[in-house]
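Student: I would like to learn how to read a fold from its coordinates, feature by feature. Could you take me through one example?

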Amino acid sequence: MPILQNGTTTIRYEEAGSGFPMLVLPGGGLNATVENLGHAGSFNPLVEFASTHHVVALDIRNANDGQTIGPLEPEKGWDQFTDDQLALADHLGFDKFVVTGFCIGGPLIWNLIRRAPDRVVAAILGHPSGFRPRSEEHTSELQSPCNLVC
């Protein structure tokens, strides 16, 4: 597996295919690693999109059994994970790309779009954490994340 050293953070990633760039954010919270793609009812973009895209997936920073390792600074929140994603995209020469994410990858995608709206051309969210279906009871509490970034 390729490794990118970005300051004090080591980013481990895997690539497949060729074509338009696609960045993949695995799901599973503390188990969000490349190896866990395709488990828990989802699909593996490294396999499914390799015929049409240059697909790159990375372990989420400090995931159990992952190899992306770096300091966690609570005051930086989601931005430290987005820093890893943008560093990898820069390293690979991805000016514009599609991003696909599962579970925790959903909130990470929203932050990536907030930080780099001119680079993310499309987002695919699979089983995003924090999703709640609309209902009369919760309608007033829901706000589309797009309202925050568009």
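This is a predicted model: local features need pLDDT of at least 70, side-chain atom pairs count only at pLDDT 80 or more; totals for chains, interfaces and linings use all residues.

Tutor: We shall go from the overall layout to the sheet, then to the cores and the aromatic rings.

Student: What share of the contacts joins residues at least 24 apart in sequence?

Tutor: If we take the contacts between residues at least 6 apart in sequence, 68% of them join residues at least 24 apart.

Student: How should I read the sheet, and in which order do its strands lie?

Tutor: The general idea is that strands of a sheet pair through backbone hydrogen bonds, either parallel or antiparallel. In this structure the 6 strands form an open sheet with mixed pairing, in the order β1-β2-β4-β3-β5-β6. The strands at its edges are β1 and β6 (120–126), each of which pairs on one side only. On average, and with direction ignored, neighbouring strands of this sheet are turned by 25 degrees against each other.

Student: Which residues stand opposite each other where β2 meets its partners?

Tutor: Strand β1 (residues 3–6) and strand β2 (residues 9–16) run antiparallel and are joined by 4 bridges; there N6 stands opposite T9 in β2. The hairpin of these two strands has 2 residues between them, and in it G7 takes a positive phi near 65 degrees. Strand β2 is also joined by 4 bridges to strand β4 (residues 53–58), again in an antiparallel arrangement, where A16 stands opposite V55 and Y13 has L58 as its bridge partner.

Student: Which helix packs on this sheet with contacts to β1, β2, β3, β4 and β5, and at what angle to β2?

Tutor: That helix is α2, whose direction makes about 55 degrees with that of β2.

Student: Is Q85 buried or exposed, and what does Q85 touch?

Tutor: The cut-off for buried is under 20% relative accessible area, so Q85, at 1% relative accessibility, counts as buried. Leaving aside residues up to four places away in sequence, Q85 touches L23, L25, L58, L108 and L112.

Student: How do I find the centre of the nonpolar packing, and which residues touch the most other members of the largest core?

Tutor: One way is to look at how many other members each residue touches. The largest nonpolar core has 23 residues, and those that touch the most other members are L23, L25, L58, L88, F97, V99 and L112. The elements that give two or more residues to this core are β2, β3 (20–25), β4, α2, β5 (97–102) and α3 (105–115), and α2 gives the most, with 5 residues. Apart from this core lies another, of 10 residues, including V24, V55, A57 and V98.

Student: What does L25 touch, beyond residues up to four places away in sequence?

Tutor: With those neighbours left out, L25 touches L58, Q85, V99, T100, G101, F102, G105, L108 and I109.

Student: What geometry do the rings of W78 and F81 have?

Tutor: Their centres are 6.3 Å apart and their planes stand at 55 degrees, so the pair of W78 and F81 is tilted. W78 is partly exposed, with a relative accessible area of 37%, while F81 is buried, with a relative accessible area of 15%.

Notes. Residues are numbered from 1 along each chain as its sequence is written. Side-chain values use heavy atoms; hydrogens and water are left out. Two strands pair if DSSP finds at least two bridges between them. Buried means under 20% relative accessible area, exposed over 50%, partly exposed in between (1.4 Å probe, protein chains only). Contact means heavy atoms within 4.5 Å. A nonpolar core is a set of buried Ala, Val, Leu, Ile, Met, Phe, Trp, Tyr and Cys residues joined through side-chain atoms within 4.5 Å. Axes are lines fitted to C-alpha atoms, for helices over the stretch in contact, and angles run from 0 to 180 degrees between N-to-C directions. Rings of Phe, Tyr and Trp (its six-membered ring) pair if their centres lie within 6.5 Å; planes under 30 degrees apart count as stacked, over 60 as edge-to-face and the rest as tilted.
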